[in-house]
Amino acid sequence: MTTRLPRGASLLLLGLFLAGCGGPTLAPVSGTVTLNGEPVDGIRVIFEPIVGQSDVTDREYYTSFGITDESGRYAMQTEVRDKLRSGAVVGGVAVRFVCIKRESFMNKGLADSRAVHDLPPSARDKSMRYTVESSGSREANFDL
C-alpha cells in the first residue's frame, strides 16, 4: 500500500526543495600561499567575483574564502543561503589576502607580534585576479 500526498502538499514540498537549490556554480579550488617563497599560515584568501565575469549578479553576490594552514595550503568555501559549501564561484575573481593574526591583534588593541605577517599592498588592494575554471584547480598558488 502506498500513501499519496495531497496535491497542495506535493507542490509545497517541491517548492521547498527548489528553494534550497540553486545559487552560483562552484568548483573545487585549493592551493598554497607563500610570502617571499615561504609557506605562510593564518592567511584568509578571499575571492570576490567580478560581476559580468562570473556566475553572480548584483542581487546575488557570493564571496569565496579559504584559510591557510602551517604549510600554506588552503581550500575555498562559499556561503550560499546560510550554508557553507566547498568550492569557489566559477569565473573571474578579484583576490585579496588578510592576515587573520593581525586582525585579531588589532581588534584586541594589542601590539603586533612576530607571528603577524606584513603583507604587501598588492595582497590587499584587489589588484590580483584569478579565473576559477568550472573544472576547478588544486594549484591556485599565490606568492606574495
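Buried means under 20% relative accessible area, exposed means over 50%, and partly exposed lies in between, with a 1.4 Å probe and protein chains only. By that rule Phe47 is buried, at a relative accessible area of 1%. This is a predicted model: local features need pLDDT of at least 70, side-chain atom pairs count only at pLDDT 80 or more, and totals for chains, interfaces and linings use all residues. Residues are numbered from 1 along each chain as its sequence is written, and side-chain values use heavy atoms, with hydrogens and water left out.

**Overall build**

- The protein has three helices and 12 strands. Both are DSSP runs numbered from the N terminus: helices are H or I with at least four residues, strands are E with at least two.
- Of the 144 residues in the protein, 37% are buried.
- The accessible surface is about 9,100 Å². Carbon and sulfur atoms hold 53% of that surface. Areas come from the Shrake-Rupley method with a 1.4 Å probe; for residues, only the protein chains shown count as cover.
- Contact means heavy atoms within 4.5 Å. Among contacts between residues at least 6 apart in sequence, 70% join residues at least 24 apart.

**Nonpolar core**

- A nonpolar core is a set of buried Ala, Val, Leu, Ile, Met, Phe, Trp, Tyr and Cys residues joined through side-chain atoms within 4.5 Å.
- The largest such core has 23 residues. Phe47, Tyr74, Phe97, Val132 and Phe142 touch the most other members.
- Strands β2 (30–35), β4, β10 and β11 each give two or more residues to this core. Strand β10 gives the most, with four residues.
- Which residues does Phe142 contact, leaving aside neighbours within four places in sequence? They are Thr32, Val33, Thr34, Phe47, Tyr74, Val95, Phe97 and Tyr130.

**Aromatic pairs**

- A pair of aromatic rings is described by the distance of the centres and the angle of the planes.
- Rings of Phe, Tyr and Trp (its six-membered ring) pair if their centres lie within 6.5 Å. Planes under 30 degrees apart count as stacked, over 60 as edge-to-face, and the rest as tilted.
- The count by this rule is four aromatic pairs.
- Phe47 and Tyr130 form a tilted pair, because their ring centres are 5.6 Å apart and their planes stand at 35°. Phe47 is in strand β4 and Tyr130 in strand β11, 83 residues apart. Tyr130 is buried, at 19% relative accessibility.
- Phe47 and Phe142 form an edge-to-face pair, because their planes stand at 75°, with ring centres 6.4 Å apart. This pair links strand β4 to strand β12 (residues 142–143), across 95 residues. Phe47 and Phe142 are both buried.
- Ring pairs link Phe47, Phe97, Tyr130 and Phe142 into a cluster.

**Salt bridges**

- A salt bridge is a side-chain nitrogen of Lys or Arg within 4 Å of a carboxyl oxygen of Asp or Glu. The whole structure holds two.
- Glu48 and Arg96 form a salt bridge at 2.9 Å, N to O. Glu48 lies in strand β4 (residues 43–54) and Arg96 in strand β10 (residues 91–99), 48 residues apart.
- Glu48 also bridges to Lys126, with the closest N and O atoms 3.0 Å apart. Lys126 sits in the loop between α3 (121–124) and β11 (128–132), and Glu48 sits in strand β4, so this pair ties together parts that are 78 residues apart in sequence.
- Are the three residues buried or partly exposed? Glu48 is buried at 12% relative accessibility. Arg96 is partly exposed, with a relative accessible area of 23%. Lys126 is partly exposed at 37%.
- Shared partners join Glu48, Arg96 and Lys126 into one salt-bridge network.

**Strand details**

- Strand β5 (residues 64–67) has a covered face and an uncovered one. Ser64 and Gly66 make up the covered face, Phe65 and Ile67 the uncovered face.
- Strands β5 and β7 (residues 77–80) run antiparallel and are joined by two bridges. Two strands pair if DSSP finds at least two bridges between them.
- Thr78 in β7 is the bridge partner of Ser64.
- Gly91 belongs to strand β10. Gly91 is buried, with a relative accessible area of 10%.
- Gly91 and Leu26 are 65 residues apart in sequence and 9.4 Å apart in space, C-alpha to C-alpha.
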